[in-house]
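I opened this model to look up how its pieces pack and pair. My notes follow in the order I took them.

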There are 2 protein chains.
Amino acid sequence: MTTLEELSAITAAARAAEHAVASASDTVRAGWLRAVADSLDAHSDELVRIADEETHLGATRLQGEVARTTGQLRLFADVITEGSYLEAVIDHAVPTATPPRPDLRRILHPIGPVAVFSASNFPFAFSVAGGDTSSALAVGCPVIVKAHSGHLKLSERTAELMLEALERAGAPKGIFALVTGREVGQALVADPVIQAVGFTGSVSGGRALFDLAVSRPDPIPFYGELGSINPVVLTASAVAARGAELATGLTASFTLGAGQFCTKPGVVFVPAGAGFEAAVAEAASGASGGKLLTDRIAEAFPAGVAAIASDPAVEVLAGEVQQEDVTAGATPVVLGTTAAAVAERPETLLEECFGPATLLVSYDSEDELLDALRVVPGSLTATIHGQPDEDLSALVAVLRGRAGRVLFDGWPTGVAVNWAQHHGGPWPATTSLFTSVGATAARRFQRPVAYQSAPASVLPEALRDENPLRIPRRVDGRIELP
Amino acid sequence: MTTLEELSAITAAARAAEHAVASASDTVRAGWLRAVADSLDAHSDELVRIADEETHLGATRLQGEVARTTGQLRLFADVITEGSYLEAVIDHAVPTATPPRPDLRRILHPIGPVAVFSASNFPFAFSVAGGDTSSALAVGCPVIVKAHSGHLKLSERTAELMLEALERAGAPKGIFALVTGREVGQALVADPVIQAVGFTGSVSGGRALFDLAVSRPDPIPFYGELGSINPVVLTASAVAARGAELATGLTASFTLGAGQFCTKPGVVFVPAGAGFEAAVAEAASGASGGKLLTDRIAEAFPAGVAAIASDPAVEVLAGEVQQEDVTAGATPVVLGTTAAAVAERPETLLEECFGPATLLVSYDSEDELLDALRVVPGSLTATIHGQPDEDLSALVAVLRGRAGRVLFDGWPTGVAVNWAQHHGGPWPATTSLFTSVGATAARRFQRPVAYQSAPASVLPEALRDENPLRIPRRVDGRIELP
């Protein structure tokens, strides 16, 4: 465990590195990211072995996650060399305007040292070298990661490899550090050096750190991804056309990674009387739930299931509510209820339950369905399975207000890392208007600065008339491509 | 004063209008903004008369401010029809990737009803129809403005004209409302209908509302512009070359609008022994301070001056600390101290003092200057007056970390409304990473939504393959211009 004295030295080193990290060119910083990616890829087998011991997520899934993580580092290297992320804007002087307009040029600068809290459920992609870290490093911010206690050895080995790779690539000392311990995490958020926080975890843990961040004498942005129920809607036509396929697909999705995805479909609205419940119950009975990530999750899972199952309108369709030895492996659970009950008691019935469980909610009419959807808590995703000829506009209008990603004829558990991704949503899905996955995640760690009537010699290169970096910019109101 | 019952009806109307306002096309919403601008321009004489009675800011300044405000409304009309503000991104499916990538399209949607708290010192530009209101309406959010008690009649008349213009232009009922009263303002921030808050005002008032916004069960973004000391640095060469001109320019800037600009230069670093203090004292002795905006400001001004002047290292260079009848007109005050004192006691010496006062800080060396600048609180602006052959890079490196706009050879009190403007800065200048002035202010009131594998029929027009709105978009990683 990091001591508070050690933490002081670490944040001081981050502050000392701040200028050097910020003023390195985009090409140089891209090189650092690629060096980290190459090192993690080269050590993939070793890392997967450690990760599997600590998380039980299985080698196949973990190998895929390493590839996703190194791909993510390389995406951010591409994003910063493309240069749009600087949002460079030049408005030349207009001396004849009333009042006369000065030359004004805007750019995004790195915000300063960033704290990142890694997640239990993605030991690579949302952890030490994950999306928060890579996007913050990309834009020029030193990063201090608080390791998740669920995979400490992996965190330490990943950090070691990162530090070696960064040093070999010539990055300044102090650019990156790993800390451990709950108390140290809180001190990190309160530390005056830290200028923003990235967090992936539970609603309770995230809210506590959010409250710390916003109650500082100088409040700082807290980018938290906290909890998500991820509603799915199946139309009657879809179930009639391909009910069996949907039941299999849903089961694979809600049991993926033992149901420990933040995008797990936790509530599924199904047409009443179509027999879909039985199909899912059958599929789930044969499915494996898997060993859960931590003792805490293993305790919380049966308790969460029991809390929902205790509602008089809920029936158990598959699996057991009272699971004795969840540590060895959780059995998938399918619960059932009605849209009317959900509309009445969303707090009880739509509580996120981490682990292989889902709630099927039967609806009798579109009106009943829409009423229930309106009370669904803010989520990362909302999914619709319909048929090509159906009018889904009313559903989409409600769901895009409840979720950050609305998807069709698929399952929400896959999250592509690209320019268009948005991984965020209304509270409690996230605490901000930004994504934590994909190219635009970089914007979280940047602050605008405008330069007025500045001599070319002090302007950042991106803002000089001749566009030496050859990046897209807006000049006098019009976008100019290099 | 609005009652809490009336407020409930007003927020219910905003919620009811939300979908209609959000789904109006950009062209239609631009028409609403232009209709409001036209009406305010047509009633400029009447509005200026009411404003001058309530604020004593003078007809010339107020006429200019109306023009600035209607220009701002028209800028946002242009911004939304140009279409980049939607940040449309399309990543087509890549079925051959591992794992296969689905079609994914991202856009920014309006966040929902917005509360705006207007400022005392800009009764038009940062008030009922000001920057927060126009940027929120532009992107499709209903707006509820809390009027400033310093200019209630003007607020009510402006709101009346806005409502008439919006109705004539066909905007939905509930799109806009004005409320009054302190308690109602607090209830507005806590109201579940409200999804974001814009605020311009004092640190204490802003912090109290910020705390309310972030302590809601569902925290919402609070975009506050709170307080700013706006450091100015004069190099020895600049003072030697044009000291008299700088003294006159500084005096005009710190007394503009009776020193009640958020961008007023409140602390000016001057080379020791160059006689600049005497030149400012002389210029200020002949300058008029003017009547202050409200009784509260008239009370706070001499108290604020006295608090700084009570420091043993401060001397009074011009004006009087104990001003008896400030309500009738405040006299400009120039205080003087040293960089060493500022570095030691920034809390006392760099407290913002609203009104016609400034503090000259003499420095002996660049090191001493830089040490003092590092403790300057976050500001909206930082100004450098140097000579063309000087190396200003060390100064710029420090100041761009302390302020959102770094300007050269000018005065910070003018704020252009254009694409490149950034009006924001580190705490306490603002509470966010966004500007409250200029085109990019719109981003504050938008949240991303990604559509995955969506049928074209449910996609927003901006995301359809054929680009029917003819807007700039990023497609498969590359920016495409229409």
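Predicted model: local features only at pLDDT ≥ 70, side-chain atom pairs only at ≥ 80, totals over all residues.

**Entry 1**

I began with a pair of strands. Strand β3 (residues 114-117) and strand β6 (residues 196-200) of chain A run parallel and are joined by 4 bridges. I looked up who faces whom there, and A:Phe117 stands opposite A:Phe199 in β6(A).

Then I stepped back to the sheet. I read an open sheet of 5 strands in chain A, in the order β5-β4-β3-β6-β7, with parallel pairing. Which strands are at the edges? I got β5 (176-179) and β7 (222-225) of chain A, each of which pairs on one side only. I noted the twist too: the average from one strand to the next is 15 degrees.

I also found a helix on the sheet. Helix α8 (residues 203-214) of chain A packs there and touches β3, β6 and β7 of chain A. The direction of α8 makes about 170 degrees with that of β7(A).

**Entry 1: domains of chain A**

For chain A it gives domain 1 as 4-226 + 432-480 and domain 2 as 231-408. How many Å separate the centres of the two domains? Over C-alpha atoms, I have 34 Å between the centres of domain 1 and domain 2 of chain A. Their contact takes 8 residues from domain 1 and 8 residues from domain 2. On the domain 1 side of that contact I wrote down 1 nonpolar, 5 polar and 2 charged residues.

**Entry 2: two helix pairs**

I turned to helix packing, and kept in mind that two packed helices are described by the angle between their axes and the distance between the axes.

In chain A I took helix α9 (residues 236-255) and helix α10 (residues 276-285). Their axes come within 8 Å and cross at roughly 30 degrees. Angles under 35 degrees count as roughly parallel, so α9(A) and α10(A) are roughly parallel to each other. I marked the crossing of α9(A) and α10(A) as right-handed. On the α9(A) side I listed A:Val239, A:Gly243, A:Ala244, A:Ala247, A:Thr248, A:Leu250 and A:Thr251. These meet A:Phe276, A:Ala279, A:Val280, A:Ala283 and A:Ala284 in α10(A). The residues of this contact divide into 9 nonpolar, 3 polar and no charged.

In chain B I took helix α3 (residues 44-55) and helix α4 (residues 59-82). Here the axes come within 9 Å and cross at roughly 130 degrees, and α3(B) and α4(B) are therefore oblique to each other. The crossing of α3(B) and α4(B) is right-handed. From α3(B) the contact uses B:Ser44, B:Leu47, B:Val48, B:Ala51 and B:Asp52, and from α4(B) it uses B:Ala59, B:Leu62, B:Gln63 and B:Val66. I have 6 nonpolar, 2 polar and 1 charged in the contact of α3(B) with α4(B).

**Entry 3: chain A against chain B**

How many residues does each chain put into the contact? I got 56 residues from chain B and 56 residues from chain A. On the chain B side, the elements that each supply at least two residues are β1 (89-91), β2 (104-110), α8 (203-214), α15 (393-399), β14 (403-408) and β15 (446-452). The largest share, 6 residues, comes from β15(B). By type, the side of chain B that touches chain A divides into 30 nonpolar, 16 polar and 10 charged residues.

I followed β15(B) across to the other chain. Strand β14 (residues 403-408) of chain A pairs with β15(B) in the parallel sense over 3 bridges. In that pairing I found A:Leu407 opposite B:Gln452.

I finished by checking loops. A:Asp409, in the loop between β14 and β15 of chain A, has phi near 55 degrees, a positive value in a residue other than glycine. A:Pro428 also lies in the loop between β14 and β15 of chain A, and the peptide bond from A:Trp427 to A:Pro428 is cis, with omega near 5 degrees. In chain B I noted a cis peptide bond from B:Thr98 to B:Pro99, with omega near -10 degrees. B:Pro99 sits in the loop between β1 and β2 of chain B.

Terms used
Residues numbered from 1 in each chain as written. Chains lettered and ligands numbered in written order. Axes fitted to C-alpha atoms, helices over the stretch in contact; angles between N-to-C directions. Parallel < 35°, antiparallel > 145°, perpendicular 65-115°, else oblique. Left-handed = near helix turned anticlockwise from the far one by under 90°. Contact = placed C-beta atoms within 7 Å. Nonpolar A, V, L, I, M, F, W, Y, C, P; charged D, E, K, R; others polar. Pairing = 2+ DSSP bridges. Domains from an automatic or database assignment.
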